[in-house]
Structures are given as structure tokens and as C-alpha cells.
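Here is a short report on one protein chain. Please look over its sequence and structure before reading on.

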Amino acid sequence: MKLSNILEGIEYISSINPSETDNIDIEDIVYDSRLAKENYIFIAIKGETMDGHDFIKNAYDNGCRVFVVTENIELPEGSIKILLKDTRLALSKMSSNFFGDPSSKLKVIGVTGTKGKTTITNYIRTVLCESGLNTGVIGTNGVFYNDVKSKTVNTTPESYEIHKTIKEMLDAGVECVAMEVSSSGLMMDRVHDVKYDIGIYTNLSPDHIGPKEHPTFEDYRYCKSKLFSLCKHGIINIDDENAWYMIENAKSDIATFSIHKESDLQAENIDLTRDEKALGVNFDYIEDGSEKTNAHICSPGEFSIYNALAVISVCKYLDIDKEKMLKSLSTAKVDGRVEVLPVLPYATVVVDYAHNGMSLENVLETLHMYKPNRMICLFGSIGGRCVIRRKELGDVAAKLADITVITTDNPDDEEPMDIINDIAKSFVDSECEIYKIADRAEAIYKALSIAEEGDMILITGKGHEKYQIINGERVFYDEKGEVIKAAKRVREEKGLE
């Protein structure tokens with residue numbers, strides 16, 4: 001592609017005459033100097049710990065001659081300088097241009113909020129695919145479309161990867177993309193040039209607030225609200241206390257869903273269901289204050305109903321056949337999200353991804369509605385950031401669990417027992433019994449080994465993830481695999497094998 005086409009729509013100053021950009025062929029765009037080659041553009045991005053301007057020489061040595069910069073620095077001989085104000089915004093626009101503005105050529109649905117993003121995007125894919133609309137997902141669990149599965153480093157990847165992935169989906173016949181839109185993705189303008197047809201707001205609670213993330217809750221909330229300046233149609237959970245902030249700052253038209261307040265799509269007549277493989281819920285929903293429809297999902301609690309209502313709202317907007325939608329929604333599941341593992345014949349074992357106070361409280365309160373004999377809860381917290389989560393998690397478990405096993409969860413370069421002891425401070429005046437076990441596999445065994453008839457064991461924090469972050473490295477770890485091994489060991493010890 002010609003350099004002039006890649007730079008279309010961007011304000012810049014060039015070291016060459018703008019007309020000359022029509023004669024320069026570009027094969028790819030990179031922001032990692034190690035990937036630079038001849039006929040590539042290198043974009044120098046300033047990050048939290050590294051500045052891309054410091055790696056221009058590396059990119060030059062690898063053959064690159066076109067550099068996009070924010071500093072009017074001297075470049076190596078024969079280089080072309082593209083000077084502009086914001087290289088992150090430039091990367092977004094240039095990537096969209098380079099891949100032919102792919103997001104404008106299919107339906108794109110963005111989901112933002114503190115919790116529910118992964119479940120909603122995966123439910124959307126299940127329902128739309130089974131209704132005949134080929135749909136892909138970009139999010140926490142990776143990239144999924146057709147038979148393609150790949151990992152993502154961030155919930156919302158860098159803008160180049162987003163547009164490249166959407167182009168690959170488009171070429172593979174995908175007609176719709178459901179994307180998790182994180183606050184950092186919005187803050188760093190990774191999605192600035194994605195053409196969203198629909199934006200969904202789930203809920204908001206203090207999270208991702210710290211030195212390396214958002215300085216304040218207000219900044220976190222503002223960044224979330226930016227999605228509704230990028231989409232055509234907004235779908236908002238009106239029950240959430242920050243919903244009106246999203247609506248007031250939106251530039252899109254808005255539809256609402258709820259359980260407790262009057263809305264365009266409101267749930268009522270909620271009834272919990274249970275079998276050996278799933279905890280679920282039946283409910284009715286009312287459209288526009290009149291038409292009533294019954295629905296079932298195989299995930300429990302109010303938070304699951306909110307997720308389902310968001311999906312139903314999407315299907316209504318896209319004019320998806322209601323019967324097909326209800327049938328596929330009734331069986332939709334997400335790996336590691338309130339997932340029942342039938343591994344003990346006398347107790348219920350649930351694996352979930354909840355890793356902050358709000359999510360843990362929602363899950364525990366929901367599981368209590370099934371009236372377990374005792375609630376056993378296992379969790380840890382990350383090292384190096386979000387220290388406030390430790391107290392939030394501990395406070396919730398101290399209030400809602402009978403027994404808590406505190407263990408590791410991505411300790412990174414912190415001493416695991418230091419994190420565990422921080423969490424344990426919440427239990428000083430609690431009647432909840434605690435165990436402190438740094439080895440997560442052994443902690444899982446402990447939680448299962450102390451379970452009795454009718455108990456419920458919630459193992460949370462990892463869910464679908466297949467790693468632990470230890471000393472800056474991702475070490476393979478399989479939560480469900482460890483639960484299955486621990487349960488087999490317990491069954492053998494109890495003579496149940």
C-alpha cells in the first residue's frame with residue numbers, strides 16, 4: 001500500500017514533500033523494532049516503562065526507513081520522518097487504513113464494564129452463530145472465529161492487532177465481531193478507529209485503579225464511557241448506579257435493560273434451577289413494557305440475567321429470530337465462568353474467574369441462594385498492583401464464606417505469603433475459618449478434602465486462564481485440571497473410586 005493511503009486522515013509534518021508519499025510502497029506497520037524490516041513503517045510509541053523513540057536505531061538497522069514520531073529528533077541518514085502529536089492515535093488510524101477499514105464492513109459489538117464482558121461476548125457469539133450469523137470474538141479468552149483460536153496478550157489488543165484480526169475474520173466469512181472493550185483499551189485509544197455498531201455497558205465498580213492503570217475511579221468511569229462516543233447504538237444496564245453517567249455522555253442512541261428499574265427490556269419472575277452439571281435460572285422478560293417472554297440460562301443469579309438481557313437486547317436490535325435466540329441462549333456456557341465441575345458426589349464444586357470484590361460478592365451471594373450446608377471459598381490476589389483488591393476480596397469472603405482457603409493468584413515478583421497475609425487481615429474478627437496455603441494445587445486439594453455432604457466449594461480467580469504469573473513469567477497452570485486431580489485424590493482417600 002502507498003504511504004499516502006496509510007496516512008490518509010492524519011495531520012502530520014513530513015521530512016519529504018507530501019506528494020512523494022504517493023511513490024512509497026509500504027508492506028507493513030510495526031511498533032516493535034525487533035519486527036522492523038525493509039519497506040515497513042516503525043511507529044515510536046511511548047509506554048509506561050519504554051519509549052519507542054529509543055529503538056529507532058534498532059528498527060533502522062533492521063531495514064526500516066519510515067518513522068512516525070512525536071519528537072522532532074534527528075533520524076539516521078536516508079530516513080523519512082512523519083512528525084505528529086500522538087503516535088497511539090496514529091497507530092490506530094494507520095492500522096485501520098492499512099487493513100482497508102475492516103470494521104466498517106461487518107457488524108462490530110463492543111462490551112465494556114467491570115464484569116460480564118467475557119460472558120456476554122461469548123454468549124453473543126454462541127447465539128448469533130446458531131442463528132445463522134457467523135460471529136467471532138476478541139477478548140480475555142482470546143480470538144475465536146470459525147475453527148480459529150488464538151491467544152491475546154490483553155483483553156483489548158493493540159489497535160494494529162485489532163484491525164488485522166478483524167480483516168482476517170472478514171476474509172474468513174465472519175459477519176459480526178463481539179469484542180471486550182477494556183478501560184485501558186479505551187484510555188490508550190486502541191479502539192479509536194473501530195466502527196462499533198453496538199456498545200454495551202454492564203456495570204462499574206472500583207477496579208484497575210493504581211499507579212500503572214487509572215489514577216482515580218472518575219478517570220476509570222470516563223474511559224468506559226468513551227465507547228458510547230464510538231458506537232451507533234448503546235445498550236445500557238439501567239440498574240447500575242453509573243448508568244446515567246454513560247447515557248449523559250453518550251453520542252449514540254440508547255436502549256436499556258434491567259431487573260429492578262423500568263427499562264426497554266426488564267426481567268421478572270426469577271426462578272433458580274439446578275442439576276448435576278449446572279446451576280441455572282428461569283425468568284420472564286418484558287419488551288417495551290408489554291410483550292412477555294420466558295427464557296432459561298444455565299448460569300445462576302442476577303448477574304447472569306443481566307448478561308442474558310444484554311444478549312437479548314443485541315438480538316432484538318439485529319432482528320434475530322426470537323425462537324432460535326432463546327434456544328441457543330438456554331445452553332450457552334463460558335469456560336471458567338460459574339462452571340460446575342461434577343467431581344465430588346456429595347458436594348458442589350464451582351470454578352469461576354471472579355478476581356475482585358464485586359465479582360466475588362456476586363458469585364457468593366448467588367451460590368448462597370442454593371442453600372449449601374457450608375460455603376468453602378478459595379482465592380488469592382495478584383502481586384505488584386491493585387493492592388486494594390486484597391482487602392476487598394478478604395472482606396467479602398470473611399462475610400460470606402464459612403471456610404476460606406487463601407492461596408496464590410499471579411503473585412508475580414511479590415512474596416506469595418505476603419499477599420496471603422494481607423488478605424488474611426480481613427478475617428481478624430470474622431467467624432470464617434481460614435487456611436493459608438501458598439501452593440495453589442495443594443490449596444485446592446485442601447478445600448476439596450474438608451468438604452462435607454451438601455457443601456459448596458467456590459474456586460475462583462483463574463477460571464479459564466492457563467497460567468500463573470511468577471517473577472514476571474507466565475508459568476503453565478490449569479485450574480480445572482488441578483481440581484480434577486485433587487478430586488480424584490480425595491475420592492480415593494474416601495474409598496469412593
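## Basis

This is a predicted model, in which local features need pLDDT of at least 70, side-chain atom pairs count only at pLDDT 80 or more, and totals for chains, interfaces and linings use all residues. Residues are numbered from 1 along each chain as its sequence is written, and side-chain values use heavy atoms, with hydrogens and water left out.

Helices (H or I, at least four residues) and strands (E, at least two) are DSSP runs, numbered from the N terminus.

Beyond neighbours within four places in sequence, F283 is in contact (heavy atoms within 4.5 Å) with residues including I270, I305, L309 and I312.

## Strand β8

Strand β8 (residues 142-145) is covered on both faces.

β7 (residues 135-139) runs antiparallel to β8, joined by 3 bridges; strands pair if DSSP finds at least two bridges between them. I138 stands opposite V143. Y145 stands opposite V148 in β9.

## Helix α14

Helix α14 (residues 440-449) has buried residues R440, A443, I444, Y445, A447 and L448. Their cover includes β19, β20, β22, β23 and α15. D439 caps the N-terminal end of α14, with a side-chain oxygen 3.0 Å from the backbone nitrogen of A441.

Conventions:
Buried means under 20% relative accessible area, exposed over 50%, partly exposed in between (1.4 Å probe, protein chains only). A polar contact is a pair of N or O atoms within 3.5 Å; within protein, one must be able to donate a hydrogen and the other to accept it, and residues adjacent in sequence count only if both atoms are side-chain atoms.
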